[in-house]
Amino acid sequence: MSMGLLFDATRCVGCGACASACKEQNHLPGEVEERTTAYTWTTVEEKEGAYVRHLCMHCLVPTCASVCPVAALKKTPEGPVVYDSEKCMGCRYCMMACPFDVPKYQWDRAVPIVGKCILCAGRVKEGKPTACAEACPADATLFGSRADLIKEAKKRIRENPGGYLDHIYGQTEAGGTSVMMISNVPFEKLGLKKDLPGEPPALRTWQVLSNIPDFVAVWGVFLYGVHWITARRDVVAQAHPRPRPEGPEAPKDRRPS
Ligand code: SF4
Ligand code: SF4
Ligand code: SF4
């Protein structure tokens with residue numbers, strides 16, 4: 001069953017428990033930062049008198065995965081879009097392609113990897129809720145099957161029509177996402193992207209890639225670079241030892257940029 005999250009901006013009290021729980025669950029170093037980084041996978045921002053969470057939306061057809069030349073990102077049947085640092089070649093096409101500007105890079109590290117919410121894939125696979133949903137004291141972040149979350153969102157909107165916009169953000173945006181949001185403040189005023197295509201941008205992947213300067217050249221280098229990739233894999237494995245995907249390791253005395 002495909003699982004996901006429903007964030008209800010009308011219930012969020014801005015306590016930040018979700019962001020702290022994410023840090024703890026994924027062993028992410030440092031304090032929760034103002035914006036998402038490779039070490040802060042979710043934030044809570046006050047906008048227009050409401051609070052909004054920022055995190056990976058876990059697209060049903062993720063563009064990040066579709067542009068990745070080495071399949072370091074993939075959508076799992078349970079819903080999370082997960083990342084394998086040992087496959088990653090560091091090209092950062094995922095960062096350029098994501099319609100929600102989610103993946104972040106460890107710019108402060110000699111051997112950087114990408115960081116983003118993984119929808120607590122390990123917990124979800126064991127049938128547990130995500131750490132952020134478990135920590136939320138206000139039912140503002142709910143975990144469940146995507147179908148049930150859509151039903152719950154519709155129920156909340158139906159029972160309090162004056163209290164919500166009649167829209168579930170993520171139900172159709174970018175082809176649909178596993179993380180969805182409801183609100184009484186227009187989504188664009190919460191800083192969420194508007195006018196996203198209803199079809200998955202992943203379908204346009206090759207158009208995206210062809211617009212990236214030197215992609216063909218980079219691809220050629222990639223094809224000749226299997227040896228280099230294998231070498232990076234070894235270096236990444238040493239710099240970011242497993243167990244994964246609990247979270248990237250980073251030196252505690254170095255803050256991300
Ligand atoms: S929001 Fe971006 S990083 Fe997350 S699954 Fe979608 S394309 Fe990938
Ligand atoms: S689902 Fe897990 S990884 Fe994603 S924001 Fe919540 S706690 Fe962090
Ligand atoms: S834990 Fe719940 S109420 Fe607190 S900031 Fe996160 S979503 Fe909002």
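The model is predicted, so local features need pLDDT of at least 70, side-chain atom pairs count only at pLDDT 80 or more, and totals for chains, interfaces and linings use all residues. Residues are numbered from 1 along each chain as its sequence is written, chains are lettered from A and ligands numbered from 1 in the order written, and side-chain values use heavy atoms, without hydrogens and water.

Start with the sheet. It is open, with 3 strands in the order β8-β1-β9 and mixed pairing. Strands here are DSSP runs of E, at least two residues; helices are runs of H or I, at least four; both are numbered from the N terminus. Two strands pair if DSSP finds at least two bridges between them.

Strand β1, residues 3–8, pairs with β9 in the parallel sense over 4 bridges. Phe7 has Met181 in β9 as its bridge partner.

α6, residues 146–159, lies across β1, β8 and β9, and runs at about 130° to β8. Axes are lines fitted to C-alpha atoms, for helices over the stretch in contact (heavy atoms within 4.5 Å). Angles run from 0 to 180 degrees between N-to-C directions.

Next, the ligands. A residue is near a molecule if one of its heavy atoms lies within 4 Å of it. Around ligand 1 there are 14 residues, and Cys56, Cys59, Cys64, Cys98 and Phe100 come nearest. That shell has 11 nonpolar, 2 polar and 1 charged. Ala, Val, Leu, Ile, Met, Phe, Trp, Tyr, Cys and Pro count as nonpolar, Asp, Glu, Lys and Arg as charged, and the others, Gly among them, as polar.

Ligand 2 has 13 residues around it; Cys22, Asn26, Cys117, Cys120 and Cys132 come nearest. Its shell splits into 9 nonpolar, 3 polar and 1 charged.

Which residues come nearest to ligand 3? Of the 15 around it, they are Cys12, Cys15, Gly16, Cys18 and Cys136. By class, the ligand 3 shell has 11 nonpolar, 3 polar and 1 charged.
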